[in-house]
Amino acid sequence: MKYSFSMGTTGCESYLALWYWNEMYEMIGVCGYDGIEIPFQAWSFNGGRGAAPVCAEAIRSKYGSAANFQKFLQDCGIKDGLSGLHITAQNVLLSMLDMNLPREMFFDKCLELAEETIGVLAEAGCKNLIFSPSPMFGMTMGIFHDSDILEHFEDRMAETIIKMDEMAQKAGVTLSIRNEFYGLFRGELVDSLMAKLPETVLYSPDMTQLYIAGVDPVTMIKKYAGRLGAVKMDDCEFVDKTGCFATPLPEAPQEGMQQRVYCSFGKGELDMVEAYNALKEAGYDDWMTMESKEAFNIEKIMMKMQAYKKKNFV
C-alpha cells in the first residue's frame, strides 16, 4: 500500500492558518509519507480565501497551476505529492448558506465543485476524488424538510454522483464515496446509495466514521472488496448510542459519558490492525490515508502514526 498523510490532521483553529500549510510539507516528507490528502473546499464558488491550498483558486493563485503544486510537494520530499482531494456535500451546503443561494441549487453546486476539483486532479496527475455525499443530518433536515428534495435525496444524489463519475472518467480520475456518521448515509445506510451507482464508483471506508455509527469496519471492507479506494485509517473510542448524529453539533456530544468523539491514532478502541489485515485479504494495494483528527500536537502525531504503521501494518 501507499501511505498518505491527511491534512485534516488538525483542529479547525489551525486548519486555515498559513503556518500550518507553510511548515508542514517538509516535515511530512521527512516522516516518509508517500502523499497527502487535502480536504478540498467550495470557496472557489465565491472567489477563494487566503493562500491555503484548499480550493482550486488558491492553488492556482499561489503556485500557478496544480502541476506546479504537485512538483512543489515532491520537491519537499513527498514522493507522490497529492494522493487525493476530498470534497463534501456539507461544505457545499455551508458555502451556499454563506452566499444566500437557494436550496434548489444544491445538487448543481455539488457538480460544480466536483468539476472544479477534477480539473485540479487532472492537472496535477492525481487520480483520486473522494466525495462525501450527505451534509450533516440535522442541517439536511432543517434546510430541506418542507421540500421534495428531502424525499428524493438519495435518488437525486445518485444521479449527481453518476454525472460526477462520467466527468471523472473522462479526465482519468477515479471517484470514491466516503460516508460520515452524521449524514444520511451513515454506516450501512450507504449500501442503498452504492447499489444505485456504477461499479466504477468506488467505496472509501473511513474506519472511525464507521465505528462511531456502530458498524464494524471489517464488515464493510469485506462487503466492498474489489471496489475499495482512498481508504482512511483513523481511530476513536466513541460509539454513537444516543443519536448524537442528529444533533446540531454531532462531533461535540452534549450527552453521555464520552464528550470527545475522536482520539489520537492508536489510543482508541478501533482495531486498526484487524482492519488493515482485512484490506490485505481483500487484495487492496492502493492509498491508505492516515489521520488523527483534532490532534493537539500535529508534529508529534505525524511521527507517532508512522511509528504505529511500521510496527503494526506489516
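**Figure 1. Salt bridge between Glu104 and Arg103 in a predicted model.** The side chains of Glu104 and Arg103 meet in a salt bridge at 3.6 Å, N to O; the term denotes a side-chain nitrogen of Lys or Arg within 4 Å of a carboxyl oxygen of Asp or Glu. Glu104 is partly exposed, with a relative accessible area of 48%, and Arg103 is partly exposed at 24%. Here buried means under 20% relative accessible area, exposed over 50%, and partly exposed in between, with a 1.4 Å probe and protein chains only. Arg103, Glu104 and Asp146 are linked in a network of salt bridges. The structure holds 16 salt bridges. This is a predicted model, in which local features need pLDDT of at least 70 and side-chain atom pairs count only at pLDDT 80 or more, while totals for chains, interfaces and linings use all residues. Residues are numbered from 1 along each chain as its sequence is written, and side-chain values use heavy atoms, with hydrogens and water left out.

**Figure 2. Salt bridge between Lys71 and Asp75.** The side chains of these two residues, Lys71 and Asp75, meet at 2.9 Å, N to O. Both Lys71 and Asp75 lie in helix 4 (residues 66-75), 4 residues apart, about one turn of the helix. Helices (H or I, at least four residues) and strands (E, at least two) are DSSP runs numbered from the N terminus. Lys71 is partly exposed at 49% relative accessibility, whereas Asp75 is exposed at 56%.

**Figure 3. Salt bridge between Lys232 and Glu291.** A salt bridge of 3.0 Å, N to O, joins the side chains of Lys232 and Glu291. Lys232 lies in strand 7 (residues 231-233) and Glu291 in the loop between strand 8 (287-290) and helix 14 (298-312), so the pair ties together parts that are 59 residues apart in sequence. Both Lys232 and Glu291 are buried.

**Figure 4. The largest cavity.** A cavity is a set of points, on a 1 Å grid over the protein atoms alone, where a 1.4 Å probe fits but cannot get out; lining residues have an atom within 4 Å of a point. A search of the whole structure finds 2 cavities of 30 Å³ or more. The largest has a volume of about 40 Å³, and its lining includes Pro133, Arg178 and Phe185.

**Figure 5. The second largest cavity.** This cavity has a volume of about 30 Å³. Among its lining residues are Thr208, Asp234, Tyr262, Glu291 and Lys293.

Methods. On a 1 Å grid over the protein atoms alone, a cavity is a set of points where a 1.4 Å probe fits but cannot get out, and a pocket is an open set with protein on both sides within 12 Å along at least five of seven lines; lining residues have an atom within 4 Å of a point. Grid points are joined across faces, edges and corners, and a volume is the space filled by probe spheres set on the points.
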